[in-house]
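Dear colleague,

Please find below the structure that I am handing over to you. My findings follow directly after it, and I would be grateful if you read them with the coordinates open.

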Amino acid sequence: MSRLSNWLPTNWQWFNRLGSPRWFYHRSERWLPWMSLAALLVLATGLVWGLAFAPEDAKQGNSFRIIYIHVPAAFLAQSGYFIMAIAGAIGLIWKMKISYMVMKAAAPIGAALTFIALFTGAVWGKPTWGAYWVWDARITSMLILLFLYAGVMALQYAYHSVDAASKASAILALVGTVNIPIINKSVDWWYTLHQPATIKLTSAPSMHMDMFMPLLVMIVGFYLFYAVALILHTRNEILRRERKTSWVRELATAKAGG
Amino acid sequence: MYFESIEALLNMSGHGVYVWSSVAVTLAAMLWLVSAPLLNHRALLKEVNRDIQRQQDRELAEKATVPTDNHKESH
């Protein structure tokens, strides 16, 4: 019980320690190999399973296999947006140094995942709908998501002061959060070509287990991959912003000597 | 395997072009997402070392060339 109490919110030590860029930089070095290995194994399993072993869809044929990258990428593009916005909010409220670094790191990763979702969706659309692109509610709101990520990235370089850039980016990220429920509900609110959600938390999946299991594996794999990418980008941001501090200087000298 | 042969897996009854191009672009983007920061990490540490070296050079040069009397005027 005494150990548990260390993790209760009344004791803020963990919060402060996690907020220390130096602590995070050193600790994450130990996490990275294991997380990378796990991400690689889970992604390889899911991809081989989904592409080569899952049965084909009765209506769409084999083109449906794009789902195994399209849905996880779209999933993480949206989860990643929440992570970026929440990191921005923590930065604004508690002035936690590292949260702004996480926010900045999350933007290019989210943009790349949104791009993957849009690209694979377009390629999937050709054999299924007969068109690469339609101005449909789901697709348009995902394109807006890409622009929001791009906006957060651009704002980082629009100010001379790092602090001003971080605050402006955080506010844009928070305002843009309204887009996430719009993406989610777009298939219900508007008449759309896009098929309804495959996975809902509230009901059973609308696909057969043989098809659904590899999708679940791929989503877990994408989460692991996202974590690895976010940590790598955050570590660089830490080095960039703390490059004048003695601990970064000592680290660089040690790396050069060894 | 669901397919009878590797050719069938690659062809996917005509849909192979769509599926495999999606996979290729996705893997390329994901590879970029982890390789870019790894390369950047090395470059950043080198940059810090260059800064340290430059600062040390400057300090050495100041000690060697500027006598203590002229120190203020030299700036």
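In helix α6 of chain A, the buried residues are Arg138(A), Ile139(A), Met142(A), Leu145(A), Leu148(A), Tyr149(A), Val152(A) and Leu155(A). Please bear in mind that this is a predicted model. Residues three or four places apart in an α-helix point the same way, because there are 3.6 residues a turn. Helix α6(A) itself covers residues 137–155, which is 19 residues, and its first and last C-alpha atoms are 27 Å apart, close to the 27 Å expected at 1.5 Å a residue.

Two of these partners, α4(A) and α5(A), also pack against each other, with an angle of about 160 degrees and 8 Å between their axes. Since angles over 145 degrees count as roughly antiparallel, α4(A) is therefore roughly antiparallel to α5(A). Their crossing is left-handed. Sorted by class, the contact between α4(A) and α5(A) comprises 20 nonpolar and nine polar residues, with no charged residues.

Is Asp163(A) buried or exposed? Asp163(A) counts as exposed because it has 11 C-beta neighbours inside 10 Å, and the limit for that class is 12 or fewer. From C-alpha to C-alpha, Asp163(A) lies 8.9 Å from Tyr100(A), although 63 residues separate the two in sequence.

As to chain A as a whole, it has 10 helices and zero strands. Its C-alpha trace spans about 60 × 45 × 35 Å along the principal axes. Of its 258 residues, 38% are buried. Among the contacts in chain A between residues at least 6 apart in sequence, 76% join residues at least 24 apart.

Chain B, with 75 residues, has 15% of them buried. Its secondary structure consists of two helices and zero strands.

Turning to the interface, 39 residues of chain A are in contact with 27 residues of chain B. Which element gives the most to the side of chain B that touches chain A? It is helix α2 of chain B (residues 16–65), with 20 residues. The side of chain B that touches chain A holds 19 nonpolar and eight polar residues, and no charged residues.

One helix pair across the two chains deserves a separate description. Helix α9 of chain A (residues 209–241) packs with α2(B) at an angle of about 25 degrees, and their axes are 9 Å apart. Angles under 35 degrees count as roughly parallel, so α9(A) and α2(B) are roughly parallel to each other. The crossing in which α9(A) passes α2(B) is left-handed. On the α9(A) side, the residues that meet α2(B) are Phe225(A), Val228(A), Ala229(A), Leu232(A), His233(A), Arg235(A), Asn236(A), Leu239(A) and Arg240(A). On the α2(B) side, they are Met30(B), Leu33(B), Val34(B), Pro37(B), Leu38(B), Asn40(B), His41(B) and Leu44(B). By class, this contact of α9(A) with α2(B) has 11 nonpolar, four polar and two charged residues.

With kind regards

Technical notes. Residues are numbered from 1 along each chain as its sequence is written. Chains are lettered from A and ligands numbered from 1 in the order in which they are written. This is a predicted model: local features need pLDDT of at least 70, side-chain atom pairs count only at pLDDT 80 or more; totals for chains, interfaces and linings use all residues. Two residues are in contact if their C-beta atoms, placed from the backbone, lie within 7 Å. Helices (H or I, at least four residues) and strands (E, at least two) are DSSP runs, numbered from the N terminus. Ala, Val, Leu, Ile, Met, Phe, Trp, Tyr, Cys and Pro count as nonpolar, Asp, Glu, Lys and Arg as charged, and the others, Gly among them, as polar. A residue is buried if 20 or more other C-beta atoms lie within 10 Å of its own, exposed if 12 or fewer, and partly exposed in between; C-beta atoms are placed from the backbone. Axes are lines fitted to C-alpha atoms, for helices over the stretch in contact, and angles run from 0 to 180 degrees between N-to-C directions. Angles under 35 degrees count as roughly parallel, over 145 as roughly antiparallel, 65 to 115 as roughly perpendicular and the rest as oblique. A crossing is left-handed if the near helix is turned anticlockwise from the far one by less than a right angle, and right-handed if clockwise. The expected span of a helix is 1.5 Å times one less than its number of residues.
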